[in-house]
Amino acid sequence: MPRLILGAVLGVVAWFVVVIGLSLALRAASPDLSAVLNVHATAAALGGRLAISFLASILGGLVAAFAAGERSRAPLASGVLLLIGFGYYHVTMIWNQFPVWYHLTFFVSLPLLSLLGARLKSA
């Protein structure tokens with residue numbers, strides 16, 4: 001049980017590290033891309049944010065799987081923890097600022113791509 005909890009927490013931490021790291025690296029590498037990501041509701045900005053989140057979810061699931069020593073419960077718990085936190089934030093704070101498809105794509109991707117990332121861990 002402690003390894004499951006540790007895996008889930010490390011998966012969430014890894015998600016944030018990847019998102020922040022990629023965002024900062026992309027902004028530093030390309031001023032044009034930085035301008036696109038700073039715009040809130042263009043298709044390019046939303047797609048860029050989703051792509052970063054997708055990669056972070058996959059890597060977070062992989063980290064959770066390695067930390068827990070298993071490929072299903074910890075990565076799923078990590079994705080669900082992210083879903084709970086971001087679900088609350090999106091619904092209560094920013095729901096009207098973005099299209100519904102963006103929120104739903106983001107929500108569904110968190111646990112599913114965490115599990116996909118865990119599958120990258122060899123058995």
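Leu10 sits in helix H1, and helices here are DSSP runs of H or I with at least four residues, numbered from the N terminus. With a relative accessible area of 33%, Leu10 is partly exposed; that label covers the range between buried (under 20% relative accessible area) and exposed (over 50%), using a 1.4 Å probe and protein chains only. Leave out the neighbours within four places in sequence, and Leu10 is in contact with Val63 and Ala67, where contact means heavy atoms within 4.5 Å. Leu10 and Ala65 are 55 residues apart in sequence, yet 9.5 Å apart in space, C-alpha to C-alpha.

A quick note on what you're looking at: this is a predicted model, in which local features need pLDDT of at least 70 and side-chain atom pairs count only at pLDDT 80 or more, while totals for chains, interfaces and linings use all residues. Residues are numbered from 1 along each chain as its sequence is written, and side-chain values use heavy atoms, with hydrogens and water left out.

Now for the helix pairs. Two packed helices are described by the angle between their axes and the distance between the axes. The axes are lines fitted to C-alpha atoms, for helices over the stretch in contact, and the angles run from 0 to 180 degrees between N-to-C directions.

| Helix pair | Angle | Axis distance |
|---|---|---|
| H1 and H3 | roughly 150° | within 7 Å |
| H3 and H4 | about 135° | 7 Å |
| H1 and H4 | about 55° | 8 Å |

Let's start with H1 (residues 2–29) and H3 (residues 43–68), whose axes cross at roughly 150°. That makes H1 roughly antiparallel to H3; the wording follows the angle, with under 35 degrees counting as roughly parallel, over 145 as roughly antiparallel, 65 to 115 as roughly perpendicular and the rest as oblique. On the H1 side, the residues making the contact include Leu10, Ala14, Trp15, Val18 and Leu22, and on the H3 side they include Ile52, Leu59, Val63 and Phe66. Sorted by class, this contact has 17 nonpolar, six polar and one charged residues. For the sorting, Ala, Val, Leu, Ile, Met, Phe, Trp, Tyr, Cys and Pro count as nonpolar, Asp, Glu, Lys and Arg as charged, and the others, Gly among them, as polar.

Elsewhere in H1 you'll find Gly21, which counts as partly exposed at 35% relative accessibility. The C-alpha atoms of Gly21 and Ala56 are separated by 9.9 Å, although the two residues are 35 apart along the chain.

H1 also packs against H4, with an angle of about 55°. That makes H1 oblique to H4, and their crossing is right-handed. Among the residues in this contact are Gly7, Gly11, Trp15 and Phe16 of H1, along with Ala77, Leu81 and Phe86 of H4. The class count here is 10 nonpolar, three polar and one charged residues.

The next pair is H3 and H4 (residues 73–94), packed at about 135°. H3 and H4 are therefore oblique to each other, and they too cross in a right-handed way. Gly61, Ala64, Ala65 and Ala68 in H3 meet Ala74, Pro75 and Ser78 in H4. This contact divides into five nonpolar, two polar and no charged residues.

Is Gly61 buried or exposed? Gly61 counts as buried, at 0% relative accessibility. Not counting residues up to four places away in sequence, Gly61 touches Pro75, Ser114, Gly117 and Ala118.

Follow that to Ser114, which is in helix H5. Ser114 counts as buried at 1% relative accessibility, and the side chain of Ser114 reaches the backbone oxygen of Leu110 at 2.8 Å. Apart from neighbours within four places in sequence, Ser114 is in contact with Ser57, Gly61, Pro75, Gly79 and Ser109.

Last stop: His103, also found in helix H5 (residues 100–119). At 0% relative accessibility, His103 counts as buried. What joins the side chains of His103 and His90? A polar contact of 2.8 Å does, meaning a pair of N or O atoms within 3.5 Å; within protein, one must be able to donate a hydrogen and the other to accept it, and residues adjacent in sequence count only if both atoms are side-chain atoms. Setting aside neighbours within four places in sequence, His103 is in contact with His90, Ile94, Trp95 and Phe98.

Key
Helix = DSSP H or I, 4+ residues; strand = E, 2+ residues; numbered from the N terminus. Left-handed = near helix turned anticlockwise from the far one by under 90°.
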